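This briefing is meant to be read beside the sequence and the coordinates. Please keep both open while going through the points.

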Amino acid sequence: MITFGSIIKKIIIFSVLMLSFAEVSAEPKNHTEMVVRVALPMQPGFAEKDIEGNYSGYTYDYLMKISQFTNWQYEFVEIDGNVLEQKVKIRKMLENREIDLVGPVEKVYGFSDFADLTAYQYGTVYNTLSVSTENKTISEQDYRTMRNLKIAVMGGDSDRIRELEEFCSSNNITYELVEIKSYEEMRRVLDDGRADAVLGLSTQKMENTRTIAKFSSKPFYFAAAKGDFFILNGLNMALNKIDQTDPYFTAKINKKYFTDVIPNLLLTEAEREYIENNPVLKVLAADGIAPIQYFDKEGKLHGVSKGVMEEIASMTGFEIEYVGMESISRIFKEKDADIVLGVPLNYNRDEFPRMTLSTPYFDTGIVMFIRSSLYPSSLENKKYAAIVGYELPEDVNRENAIFFNSREAAMDAVEFGIADYGYGNVYSVSFYTIKNEYKNIVAVPKIQETLEYCMGFLSNDKLLESIINKSIISIDDKKMQNIILEATSQASRKLTVPLVLEAYGEEVTVFLSLVFILIAAGIVYIVHTNKKLKMQNMLYTLLADISNEYIFEYNVRDDVLKLSEEFAQLLGTGRMLRGYKNHLKELIVSQGREFSEPGSLVDNVDQIYEINIPLADGSEGCFKVTSTRLSGSGQKVEYIIGKLTDISEENARKRELIRKAERDGLTDLYNVATSKEEIAQLMKNRKEGTMDAFIILDVDYFKEVNDNYGHYAGDKVLQSLAEILRMTFRSTDVAGRLGGDEFCVYMKDVPSERFVRSKCKKLNDMVVNQSEGINVSLSIGVVIVDKDMDYEEMYRKADDALYHAKRNGRNQFAVYTDNE
């Protein structure tokens with residue numbers, strides 16, 4: 001069965017392949033459906049085959065990923081034997097061109113005589129020192145615990161023994177070597193006490209051991225037969241694409257095949273002492289990422305992140321103090337904390353470059369949520385619902401992005417048409433779709449992309465990082481699945497008529513059938529007794545009470561408007577009620593068709609429209625009106641009946657979303673996109689012979705303010721500057737924040753250049769006088785707009801003037817002249 005998702009998947013893969021071909025080009029061959037012979041050295045972790053003949057392993061997964069960009073089909077040639085025997089066989093097969101490519105291969109002298117290595121590595125191997133998991137005296141965080149070590153090494157491995165000697169010498173580790181003859185003997189020497197540690201590789205897994213040191217990294221590559229540039233270019237292109245589209249792929253499969261699995265949490269003495277001295281962890285969590293993490297109305301944290309943190313607390317004995325934040329961006333400015341929950345691997349590192357991340361504890365697929373009226377393949381220049389603190393996807397221009405504090409707010413924006421589409425993890429998109437019953441959103445999976453969530457460490461505390469990473473690794477799969485199941489089952493739908501029908505469809509159908517039969521019988525009776533209109537009115541009133549809507553009835557001939565009691569109370573009493581009823585009647589009549597004269601002929605088509613009505617409390621309500629016209633025996637309209645649905649809150653929410661989308665979150669000035677749009681409109685409407693002015697300004701040495709006083713003080717400076725801009729310039733002027741410490745003002749219809757200069761001087765004086773102990777001044781560039789020019793030209797001239805002001809010593813303004 002062909003589905004819409006499968007069609008989209010094929011389109012995206014096809015598009016990526018087309019781009020890939022363009023980059024490789026130069027060769028007459030085509031990657032499509034090509035069969036490539038691959039030498040597959042059968043090594044644990046790199047390439048293995050189960051009893052059913054299915055391959056797995058680090059190299060195999062990489063080859064499958066490469067095939068997504070090249071469309072290659074593989075013919076595998078298994079290479080058995082020990083590592084040395086495999087190297088000899090591979091060299092011979094490459095020289096005889098019996099194979100097209102092989103991996104893994106290290107850069108070694110002489111190898112380039114018969115093969116070409118890829119420009120990009122596809123992994124790194126380290127020398128490792130590992131000890132038994134029962135050994136709790138040696139800490140990977142403290143080399144002082146590594147004194148007088150007995151280290152088991154394979155005899156004859158002179159290169160690695162030399163690298164071990166260099167590592168131990170540079171870290172003051174004393175040791176003696178214990179020579180062994182086979183890999184199998186490594187585990188035995190640890191058990192019988194002949195050795196404290198073994199020298200191994202990061203790509204070797206040994207049960208019931210833990211790694212205490214890594215050193216002497218060596219990259220490994222794919223290799224193609226000498227001179228086969230078609231295969232080599234294809235590999236290079238694919239490896240580059242993998243790095244661009246899935247930068248964490250290498251880390252994910254490295255964890256999958258080579259990371260130690262610790263069945264029980266084993267802490268060193270130093271780590272146990274750390275927990276005893278620091279029993280309480282302050283943990284920050286951003287709201288609005290359900291079911292990963294979110295806060296309820298009582299301020300309690302829920303979700304996968306909390307489940308993982310509670311499991312860590314039970315294993316370690318830590319007490320957890322949770323602190324909620326409205327967005328991940330605000331979290332990055334918080335210094336007094338230990339851990340941040342729910343940090344995606346693709347968080348914006350410009351916001352907090354010094355934060356380190358833990359081992360991922362949760363991963364999920366990515367889906368696009370998009371307006372149901374749009375096509376995923378036609379998103380050029382569409383508005384992207386972005387999350388503050390997250391990096392933008394590569395295919396999204398910043399000018400097309402609207403930033404929101406949470407995933408729920410971003411999805412609300414798409415639902416209400418403020419934005420067109422966005423990306424989110426599968427669980428969150430599903431959770432909020434169920435919770436909020438979105439009607440205008442569809443979800444489209446992103447091909448082969450995942451999102452991983454980690455814990456972030458705000459201080460360089462290696463012991464804490466080690467404890468948390470060990471704890472995450474120690475959570476078994478079954479426990480993790482229970483945590484995820486518990487979190488994802490919390491989404492609940494609002495109780496609505498559609499939901500009731502879905503659950504009790506047959507019962508409701510039978511009941512409604514009986515109700516409709518009774519109503520039909522009643523209508524027949526009313527027709528015979530000339531009480532049709534009265535019964536219809538009662539029916540509408542009943543429906544209104546059930547649905548919490550307001551009913552009205554307008555007698556066209558008698559010019560009388562009747563309202564439901566609840567709606568009349570909204571309008572007030574006495575003269576106020578009569579005035580508002582007349583106003584409402586005029587609105588209803590003016591929206592009608594062809595019944596301005598009583599008794600005119602019309603059809604019975606329902607009308608739906610919106611009206612604004614003043615209410616008794618002084619506010620103005622917005623209502624959706626659904627009305628129909630009832631004709632008498634002569635087919636002339638006698639009544640207009642309908643209902644008014646209060647949509648004031650919905651419209652207010654939409655207006656607030658629009659306002660937030662237009663505003664900069666820190667200063668509440670227009671953001672860069674809105675500023676450009678408003679200014680461009682004013683430029684377009686400028687009358688010939690009038691003079692406008694455009695001003696760009698930024699804070700002198702603002703980086704030093706952040707460095708010396710902290711980002712909180714820097715934010716206060718920017719907020720103060722925004723308030724001064726509002727006080728200095730007119731309400732008809734457009735003021736906005738362009739980004740960082742750069743702001744702009746567009747002054748419409750200024751009387752003279754002198755007037756603009758006076759405003760700039762006043763602005764700088766106010767900033768200097770209100771800096772509250774922090775040395776703050778402005779550099780300002782001005783361009784007079786008295787002739788036609790586009791926004792880019794105007795911006796360039798103002799920027800040139802700003803540069804002139806900075807070059808001449810800052811703390812001043814400069815007006816652009818054509819001589820600049």
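What follows covers strands, helices, backbone details and aromatic rings, grouped by topic. The model is predicted.

- Four bridges join β31 (residues 778–785) to β32, and the two strands pair in the parallel sense.
- Within that pairing, I780 has F813 of β32 as its bridge partner.

- Is strand β21 (residues 421–425) mostly covered or mostly open? It is mostly covered, as five of its five residues are buried.
- The side chains of β21 divide by direction: Y421, Y423 and N425 point one way, while G422 and G424 point the other way. Residues on both sides are buried.
- Strand β18 (residues 362–371) pairs with β21 over five bridges, in the antiparallel sense.
- Opposite G424 of β21 stands V367.
- As background, strands of a sheet pair through backbone hydrogen bonds, in either a parallel or an antiparallel arrangement.

**Packing of two helices**

- Helix α23 (residues 711–728) packs with helix α24 (residues 753–769) at an angle of about 145°, and the axes are 10 Å apart.
- The crossing of α23 past α24 is right-handed.
- On the α23 side, the contact is made by L721, I724, L725, M727 and T728. On the α24 side, K759, K762, L763, M766 and V767 take part.
- By residue type, the contact of α23 with α24 holds seven nonpolar, one polar and two charged residues.

**Cis peptide bonds**

- The bond joining G103 and P104 is cis, with omega at about 5°. P104 has its place in strand β5 (residues 101–105).
- Another cis peptide bond runs from A290 to P291, with omega near 0°. P291 sits in the loop between β12 (280–286) and β13 (294–295).

**Positive phi outside glycine**

- N148 is a residue other than glycine with a positive phi, near 55°. The residue belongs to the loop between β7 (123–132) and β8 (149–154).
- Is N148 buried or exposed? The relative accessible area of N148 is 62%, and the cut-off for exposed is over 50%, so N148 is exposed.
- Y701 also has a positive phi, near 50°, and is a residue other than glycine. Its place is the loop between β28 (692–699) and α22 (702–709).
- The relative accessible area of Y701 is 48%, and Y701 is therefore partly exposed: partly exposed lies between buried, under 20%, and exposed, over 50%.

**Aromatic pairs**

- How many aromatic pairs are there? The count comes to 27.
- One of these pairs is formed by Y58 and F258, with 5.4 Å centre to centre and 35° between the planes, and the pair is tilted.
- Y58 lies in helix α2 (residues 58–70) and F258 in helix α7 (residues 249–258), so this pair ties together parts that are 200 residues apart in sequence.
- Y58 and F258 are both buried.
- For F694 and Y746, the ring centres are 6.5 Å apart and the planes are at 45°, so this pair is tilted; planes between 30 and 60 degrees apart fall in that class.
- F694 is in strand β28 and Y746 is in strand β30, so the pair ties together parts that are 52 residues apart in sequence.
- F694 and Y746 are both buried.
- A cluster linked by ring pairs holds F46, Y58, Y62, Y122, F220, F222 and F258.

Key: Residues are numbered from 1 along each chain as its sequence is written. This is a predicted model: local features need pLDDT of at least 70, side-chain atom pairs count only at pLDDT 80 or more; totals for chains, interfaces and linings use all residues. Side-chain values use heavy atoms; hydrogens and water are left out. Buried means under 20% relative accessible area, exposed over 50%, partly exposed in between (1.4 Å probe, protein chains only). Two strands pair if DSSP finds at least two bridges between them. Axes are lines fitted to C-alpha atoms, for helices over the stretch in contact, and angles run from 0 to 180 degrees between N-to-C directions. A crossing is left-handed if the near helix is turned anticlockwise from the far one by less than a right angle, and right-handed if clockwise. Contact means heavy atoms within 4.5 Å. Ala, Val, Leu, Ile, Met, Phe, Trp, Tyr, Cys and Pro count as nonpolar, Asp, Glu, Lys and Arg as charged, and the others, Gly among them, as polar. Rings of Phe, Tyr and Trp (its six-membered ring) pair if their centres lie within 6.5 Å; planes under 30 degrees apart count as stacked, over 60 as edge-to-face and the rest as tilted.
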